[in-house]
Amino acid sequence: MTSVRDAAFELFRERGMTTIFGNPGSTELAMLGPLPDGFRYVLGLQEAVAVGMADGFAQASGDVTHVNLHTAPGLGNGVGAIFNARANKAPLLVTAGQQARSLITMQANLTNRDAVEVPKPYAKWSHEPPRAADVPFALAQAIHHASLPPKGPAFVSIPMDDWTAEIAPVDYVTQIARSVGGRAQADPAQVAALARRLRTAERPVFVAGPEIDASGGWDAAVELAESQRLPVWASPATGGGRIGFPEDHAAFQGVLPPAVAPLAQALASHDLVLVAGSSVFPYYPNIPGDFLAADTELVAITSDPDEAARAPMGEAIVADVALTLRALVQELAELSERADAPGRNPSERESPPARFELDAPAPGDQLSGGEVHTILAGLFPADGIVVLESPSSTAALRNNLRLSRPGSYYFSAGGGLGFGLAAALGVQLAQPERQVVCVLGEGSAQYAITAFWTAAAYSIPVKFLVLRNEEYSILKWFATLENVTGAPGLDLPRLDVAATASSYGVAGVTVAGRDGLHDALADALAQDGPRLVQVDVAPGMALA
Ligand SMILES: Cc1ncc(C[n+]2csc(CCOP(=O)(O)OP(=O)(O)O)c2C)c(N)n1
């Protein structure tokens with residue numbers, strides 16, 4: 001016989017899940033104390049922070065990551081971040097404590113009523129085991145669900161007295177031993193048909209989405225674009241939690257606009273659109289129109305059956321994105337060797353046009369978001385990673401930084417604020433050799449503000465760049481688009497993120513001009529620990 005707790009930790013160790021993010025309460029203590037050798041616990045001071053950190057860690061490591069939350073109110077606090085994790089396809093095991101089994105029926109204090117319902121719209125699987133003996137089995141199942149495509153969060157609610165229950169080998173030994181994998185190869189007939197279509201298309205174009213990076217398909221995407229002379233767009237920034245193609249590449253055209261009509265317009269000159277690793281498409285805001293021009297066809301490659309089913313147009317191949325891109329490259333290479341192959345060799349195609357460049361904004365009294373990101377680009381480490389949550393300067397950052405290596409960019413595909421500050425810590429813990437730069441709006445920083453304490457307490461050396469424009473700039477821009485005037489609550493005078501971060505233990509400075517920003521950033525990047533630079537910027541949207 002062994003305890004549920006010992007069996008669970010054996011399972012976690014076997015799966016390499018030795019980092020646990022969380023925020024504890026009385027209903028979790030029996031699980032936590034003391035952690036076995038080799039495990040580490042990273043404390044977030046609020047559950048949204050714990051989940052956001054785990055999300056970043058899971059995405060940057062590619063491994064299922066455990067986040068442990070307090071019963072009902074803690075799980076409730078975490079739900080917005082679980083929504084983000086689902087959109088990010090972050091493989092998370094989310095556990096939460098529950099009242100002791102004998103007290104659940106009477107709904108004693110802290111009972112998580114209908115616990116499995118709480119995260120349900122966003123969890124891939126949500127379960128409370130009927131017996132203590134089923135806890136290891138439930139945890140193993142949740143880990144499998146989280147890791148299978150599309151990856152995402154899976155939830156287990158665990159009554160607090162289960163951890164000490166004694167269980168027999170039959171209840172856990174096989175669960176710890178078995179592994180489950182799930183990278184599906186595409187049907188070779190579909191790949192062959194797509195290759196023929198690409199060869200016969202007159203003006204094909206490639207749209208690179210976040211799953212290229214997550215599946216390890218970066219090199220295959222570059223090879224496909226280069227061998228076929230395809231112009232490449234990034235999928236819209238709204239749902240593009242990662243980038244799938246080097247943004248300094250000669251074939252790169254820019255980031256697709258996210259609304260229906262402008263997106264169709266951007267692709268209108270093409271007869272075939274090949275989308276890899278993105279939903280079709282993460283549309284926002286509502287600018288209605290035709291989904292594609294009349295002469296444009298679309299084929300999407302995604303590992304997510306739901307993404308394939310819900311696309312409003314085009315065809316889809318449901319399979320692992322990297323494996324499918326590699327198979328497609330191979331098939332096209334074989335076709336180009338054959339005299340009887342349909343269509344034409346890509347060498348007969350024109351090279352993609354040069355990227356359309358926006359003019360840099362004229363310098364004003366205050367720095368613009370674009371100028372800030374030009375300065376950041378000049379100092380950005382070659383293997384640096386950006387975690388971004390600065391809504392009005394998202395486009396300017398992408399346009400200036402031109403990130404060109406895999407695993408270099410994380411953004412909340414769900415759009416729920418609070419991801420950026422928290423996830424940056426998880427990404428840095430998963431990638432200790434690379435410098436993480438977390439770029440935040442001063443409004444966005446508030447949603448995970450206590451994460452500064454975790455950065456300081458665990459010496460996580462993220463560099464934070466906070467753009468302070470004293471308003472919710474992006475919402476003012478949306479208000480114009482929606483013909484709304486006079487909405488309250490869009491101004492943020494006097495927020496001082498540097499002062500707040502310093503109260504949590506992260507040293508920071510506030511700067512205003514070009515030189516001040518350059519020197520402060522250079523200095524922050526040269527320091528060992530976490531550092532913050534807050535820069536005053538002009539209000540409004542920054543595109544270039
Ligand atoms: C959890 C959550 N609450 C509210 C919003 C709505 N929202 C989107 S952008 C934004 C403003 C962000 O302000 P700031 O970080 O200062 O960026 P700016 O727009 O000024 O660049 C808000 C409140 C959201 N996306 N997520």
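A nitrogen atom of the ligand sits 3.1 Å from a polar backbone atom of Leu-417, a polar contact in the sense of N or O atoms paired within 3.5 Å. This is a predicted model, where local features need pLDDT of at least 70, side-chain atom pairs count only at pLDDT 80 or more, and totals for chains, interfaces and linings use all residues. Residues are numbered from 1 along each chain as its sequence is written, and side-chain values use heavy atoms, leaving out hydrogens and water.

Here are the ligand contacts side by side.

| Residue | Protein atom | Ligand atom | Distance |
|---|---|---|---|
| Ser-392 | polar side-chain atom | oxygen | 2.5 Å |
| Glu-471 | backbone N or O | oxygen | 2.9 Å |
| Leu-417 | polar backbone atom | nitrogen | 3.1 Å |

On its own the ligand exposes 590 Å², and the protein buries 77% of that (Shrake-Rupley areas, 1.4 Å probe). Its shell holds 16 residues, with Ser-392, Gly-415, Ser-444, Asn-469 and Ile-474 the closest (a heavy atom within 4 Å counts as near). By type, the shell splits into six nonpolar, eight polar and two charged residues; Gly counts as polar here.

How values were computed: A polar contact is a pair of N or O atoms within 3.5 Å; within protein, one must be able to donate a hydrogen and the other to accept it, and residues adjacent in sequence count only if both atoms are side-chain atoms.
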